[in-house]
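Please look over the sequence and the model shown here. The report that follows is written for reading beside them.

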Amino acid sequence: MKDLSKYRNIGIFAHVDAGKTTTTERILKLTGKIHKIGEVHDGAATTDFMEQEQERGITIQSAATTCFWDGHQLNIIDTPGHVDFTIEVYRSLKVLDGGVGVFCGSGGVEPQSETNWRYANDSKVARLIFVNKLDRLGADFYRVVDQIESALDAKPLVMVLPIGTEADFVGVVDLLTRKAHVWDDSGQPENFEVQEVPEDMKELVEKYRFELIETAVEQDDDAMEQYLEGNEPDIDTIKACIRKGTRDLVFFPTFCGSAFKNKGVQQVLDGVVAYLPDPTEVPPQPEVDLEGHETGEFVVVDASKPVRALAFKIMEDRFGALTFTRIYSGTINKGDTLINTATGKTERIGRMVEMHANDRTIVDSAQAGDIVAMVGLKGVRTGHTLADTKAPATLEPMVFPDPVISIAVATKDKASSEKLSTALGKMIAEDPSFHVEVDQESGETILKGMGELHLDIKVDILRRSHGVEVEVGAPQVAYRETVTQAIDDNYTHKKQTGGSGQFAKIAYRIEPTEPGEGFVFESKIIGGKIPKEFIPAVEKGFKLMKETGPLCGFPMLDFKVVLNDGAFHPVDSSQMAFEIAAKAAFRQSMSKAGPQLLEPIMKVDVFVPEASVGDVIGDLNRRRGMVNAQEKGHANVRVKAEVPLSEMFGYIGDLRSATSGRGQFSMEFSNYAPAPRNILEKVQAEVAEREAAKKK
């Protein structure tokens with residue numbers, strides 16, 4: 001049985017272009033996993049193995065790899081930084097025990113860093129911080145540390161200090177040992193010398209070392225008492241205190257360096273081993289029933305217990321579907337049969353592999369704490385639990401955001417249409433934030449995703465990986481509808497067609513709820529005016545109809561239906577009759593309840609040179625944006641705004657024109673808000689046009 005104290009399941013996450021993939025590449029080189037470093041800008045990084053990743057220089061899907069450092073096994077997942085692919089970060093953090101947050105030394109805390117940090121907080125993942133790119137113009141370690149405190153409300157525990165700045169950055173000082181690690185100009189990570197602290201840094205080193213030890217000993221009463229008596233605890237005791245504080249999310253050990261120049265990465269690896277938890281030290285996973293309610297039972301990380309494993313990612317490759325799985329308890333052997341608790345069906349485990357990006361090593365068994373990929377599982381989807389057939393249980397499932405943008409695609413011939421259907425089936429299994437619908441009337445295939453880049457990549461994958469050429473329509477916004485007034489109404493469904501008829505009468509109230517509440521149904525029926533078995537049929541009728549609102553046919557949000565009276569016939573009433581009554585009641589009443597169109601509002605972060613700020617803000621205002629804040633950085637200004645999604649199509653081109661190509665932006669969904677009258681009229685006209693085109 002493996003020693004789980006020697007395991008570290010970690011993820012590397014950050015804002016786009018902060019250097020995550022480069023950091024992963026250096027870790028693989030240092031641990032002997034690869035012998036030649038591949039660069040992101042050359043399209044040769046090990047974990048960026050998709051064609052689209054190599055061309056664009058970004059990470060699109062998380063990649064898993066295993067390596068060893070100081071006698072410990074590190075299972076590492078390199079995640080994307082671009083906002084359209086945060087789903088990959090979310091589901092990776094869900095199954096990891098620790099993480100390394102990479103921040104750019106000049107860019108600091110950028111928008112996606114905040115989103116990823118929030119996901120990590122939600123998943124209660126212990127983290128180290130690595131301030132990267134300190135060799136860059138404008139890099140400032142101390143400014144980034146301050147930003148982490150103010151923007152993320154996190155406590156960075158500074159473990160090393162940089163020697164030199166920008167082009168003169170040569171190494172780091174380890175605060176615990178008071179030793180300087182200085183690299184030469186060869187660019188080789190192993191070519192460094194351990195020296196004494198430079199004279200001009202001694203005072204600064206003592207100041208930060210004092211803060212480090214004072215913060216660490218607060219985690220242990222005995223160490224604290226010793227320290228207050230004037231005795232500094234030994235380094236092992238201090239490290240144990242840091243490990244406890246890191247595990248409890250009290251603070252985050254903070255390192256610095258330049259991954260590209262191979263400086264400071266060893267200290268991060270030492271920190272991973274010393275301070276991040278092993279699989280037995282993280283809070284146990286709660287078990288839930290099939291409705292998603294916690295049962296009060298928890299999964300204990302133990303290879304001898306019944307199997308509990310979570311499928312967190314599906315990936316298609318040349319050998320078939322790979323199901324990435326985190327095993328929380330038990331041992332899985334090749335040939336075992338497990339139950340998928342989401343479907344109730346059994347799955348036989350054929351081949352299991354340990355992944356190294358897109359290469360693999362076959363394994364015959366895996367146990368609690370392992371992350372493996374299983375080949376050829378049929379009915380398993382992201383978030384499903386595989387469990388022991390004799391003692392089944394479900395792990396807390398994953399919740400994914402709804403798409404905010406859609407495009408219509410069409411194939412050129414019937415043969416391509418069949419290929420498209422097969423390809424989309426595989427792509428949906430891989431990415432739960434990617435949805436596909438077929439418009440029954442027009443026959444159009446609608447792709448839905450998290451942003452323009454997300455859908456752009458999906459179309460590219462269709463063309464290259466699956467050989468399906470498609471014509472792409474203009475992007476469509478995922479509008480929603482709601483009600484603004486409360487109304488009381490009633491409806492009677494009566495039908496007599498020889499023999500037994502149909503009868504159902506309902507009286508109800510429709511009222512708006514708070515934003516974000518969704519659809520709420522409540523029954524206040526007393527005295528058996530409607531038999532209990534018919535009430536769920538009323539709820540079902542309203543629930544089915546809410547997918548098509550009265551204004552433009554978009555799904556409805558944030559309203560409540562209260563069933564308060566009604567009548568039934570002992571012979572003619574049935575569940576079907578009450579469901580039909582509810583559907584007709586919806587059509588009758590929704591247009592009276594002050595229906596309103598809602599549009600998705602995006603949280604937009606724009607980074608621009610100071611000279612272009614006025615032009616950029618003016619442009620955002622023209623797009624009906626609301627500018628909330630401006631923050632001056634070292635090299636640029638960050639403008640925070642909220643802008644309707646419909647106004648953001650093609651924004652990158654306009655931003656580049658306004659800033660001579662130097663502007664950058666990212667956006668993510670914020671909330672739905674009422675759309676103005678002119679937008680409603682425009683959307684209604686577009687919907688009418690599409691309907692007319694279908695009839696032709």
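This is a predicted model: local features need pLDDT of at least 70, side-chain atom pairs count only at pLDDT 80 or more; totals for chains, interfaces and linings use all residues.

Residues are numbered from 1 along each chain as its sequence is written, and side-chain values use heavy atoms, with hydrogens and water left out.

**The sheet.** Four strands form an open sheet with mixed pairing, in the order β31-β32-β34-β33. Strands are DSSP runs (E, at least two residues), as helices are (H or I, at least four), numbered from the N terminus, and two strands pair if DSSP finds at least two bridges between them. Because β31 (487-495) and β33 (519-523) each have a single partner strand, they stand at the edges, and one side of each is left without a neighbour in the sheet. Strand β34 (residues 559-567) pairs with β33 in the parallel sense over five bridges, and Leu563 in β34 is the bridge partner of Ser523.

Contact here means heavy atoms within 4.5 Å; angles run from 0 to 180 degrees between N-to-C directions, with axes fitted to C-alpha atoms, for helices over the stretch in contact.

| Helix | Strands | Angle |
|---|---|---|
| α12 (residues 535-545) | touches β32 (502-512), β33 and β34 | about 155 degrees with β33 |
| α13 (residues 575-589) | lies across β31, β32 and β34 | about 40 degrees to β32 |

**Cysteines.** A search of the whole structure finds zero disulfides, a disulfide being a pair of cysteine sulfur atoms within 2.5 Å. Cys241 is buried (under 20% relative accessible area, with exposed over 50% and partly exposed in between, 1.4 Å probe, protein chains only), at a relative accessible area of 3%, and Cys552 is buried at 11%.
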